[in-house]
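Colleague: Could you walk me through the charged contacts and a couple of the helices in this one? I have the sequence and the coordinates open.

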Amino acid sequence: MPRLVQSLLPPLVLVALTLLLTACASTAHYPINPPLAAIAPDEGYRARGMFRQAGDEELMVIVTFSGGGSRAAALAYGVLEELARTPIQWHGQRQRLLDEVDLVAGVSGGSITAAYWALAGDRIFEDFEPRFLQRDVQSRLIDRITSVRDFWRTTSPRFGRGDLLAEELDQALFHGATFGDLVARPRGPMAIISAAELSTGARFDFLQETFDALCSDLGRFPLARAVAASSAVPLLFSPITLWNRAGECGTPTDLRSLLTPAQLATLQGSRLERRIQDDLRLQDRQALPYLHLVDGGVADNLALRGLLDLDGLARLSPQKLFAKADLENVQRLVVVAVDAGTESSTTIAQSPDVPRVGQVAEALSDVLIARYSDETRALVAEVFQQWRSLKRTDQAELPIHIVPVSLRLLPDAQQRRELLALPTSLFLPVEQVQRLRQAAGTLVRQAPDYQRLVHDIGAQRPVAAGPADAD
């Protein structure tokens, strides 16, 4: 072989490989959200569908799961185990408190548990631990991101690390399931998975009401992509992208058209007005032709902001709201709020050096989200206090039970410090997962409102069906 060819061969191979990868990368594309032919207000995965059976609404149970990676997923799972071990007596029938949960809201790591429970039901107690909690998703993702096999895909402008996360979650848990599969389930809770829209910072809920504005069919949208969007920590994962087809299927009902002038005046400057404006922005296809969704913790790391929206609507028009949401028959309300948030571990204030990219990302995810979460906690506590004075439709007092499940409330100081120090990652050792599950049971049982609930409607003997103890 001539020396010139020998000297040119390595760079030529490199150029050829680069061209090949570039050509391949141009063909890699994330799945595009399916179009919606026409808005059908009574069809699809909508908030109104939270009550599957007649009479379910009399005992309304809401569970919220915060963000926090595998730490949040494990704590949420432990709460489900405790609710499954809690027997109640309702209308003369013995059942588990878990069976009466109507709505579960999840964000980031909490969305993983919420979505899988809504899909799998009691099967979660059989396979969630081996399929996810014991599966090192984090290492698998790192291997894929750095592998030759997937490098060509992640260099495409139409495919990113968030899409790899969606594929890993689908392989581990969801196996192609869509929101249409949740609609088809005869029983079980409704799961609201929340992300954040990157260009506006607004909360984005995976409900057909939201997808109506985009003229997109949520029923054919993969659960794994919704959970990946909710878990796509900025800088670590690329956003999940949606295409906006607003105007191709009709126009969704504007909530403001249902309100009187006096109610509209009350609306001005409120949190609810900002939320309505965020929803209306989705219908402006020219200004927002594409949505890029990231970790829901950016907008609401506690998955509680939806309750603030509900409170605002109730104050404007409680009769219309309750009738529309099938809430007029509620006789007892239970809210289990799971908060897996930790203390910030950033040390940038201790050094005169310019913070590195990783340190900035940590500060953004820990410090700023923590401050926003503190504000949410204060607002929600105020709302809960106001709800305690609500009356039922028969003007009797509405019994309300608020069950906070937060690592900050653990009675054992050493256990509290150790669990609050756990990292926000997509994998934790088995021993740490077990400790989180056990802590969840302790936190539920120690809550005064949980104890009052068990006293009021608790059965005397344990129910037969339920998961094994975490011990």
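Predicted model: local features only at pLDDT ≥ 70, side-chain atom pairs only at ≥ 80, totals over all residues.

Colleague: Which residue does Asp122 pair with, and where do the two sit?

Modeller: Asp122 forms a salt bridge with Arg96, and their closest N and O atoms are 3.0 Å apart. Asp122 lies in the loop between α3 and α4, while Arg96 belongs to strand β3, so the pair links parts of the chain that are 26 residues apart.

Colleague: Buried or exposed, those two?

Modeller: Arg96 is buried, with a relative accessible area of 7%, because the cut-off for buried is under 20%. Asp122, at 35% relative accessibility, counts as partly exposed.

Colleague: And what about Arg408 and Asp339?

Modeller: Those residues also form a salt bridge, with the closest N and O atoms 3.4 Å apart. Arg408 is in the loop between β10 and α17 and Asp339 is in strand β9, 69 residues away in the chain. Asp339 counts as buried at 9% relative accessibility, whereas Arg408 is partly exposed at 28%.

Colleague: Moving on to Arg144, what does its side chain meet?

Modeller: The side chain of Arg144 meets that of Glu168 in a salt bridge, at 3.3 Å from N to O. Arg144 is in helix α5 and Glu168 in helix α7, so this pair ties together parts that lie 24 residues apart in sequence. Both Arg144 and Glu168 are buried.

Colleague: Which residues are linked with them in a network?

Modeller: The network of salt bridges links Arg135, Arg140, Arg144, Arg149, Asp150, Arg153, Glu167 and Glu168.

Colleague: Back to α5, which of its residues are buried, and what do they pack against?

Modeller: The buried residues of α5 are Val137, Leu141 and Arg144. They cover an arc of only 65° around the axis, which puts them on the same side of α5. As a general point, an α-helix has 3.6 residues a turn, so residues three or four places apart point the same way. The buried residues of α5 pack against α4, α6 and α7.

Colleague: Last topic, α2: what is its span, and how many of its residues are buried?

Modeller: Helix α2, residues 69-84, has 16 residues and reaches 23 Å from its first C-alpha to its last, which is close to the expected 22 Å. In α2, 16 of the 16 residues are buried, so the helix is largely enclosed by the rest of the structure.

How values were computed: Residues numbered from 1 in each chain as written. Heavy atoms only, no water. Salt bridge = Lys/Arg side-chain N within 4 Å of Asp/Glu carboxyl O. Helix = DSSP H or I, 4+ residues; strand = E, 2+ residues; numbered from the N terminus. Buried < 20%, exposed > 50% of the residue type's maximum accessible area, 1.4 Å probe, protein only. Expected span 1.5 Å × (residues − 1). Arc of directions from axis to C-beta. Contact = heavy atoms within 4.5 Å.
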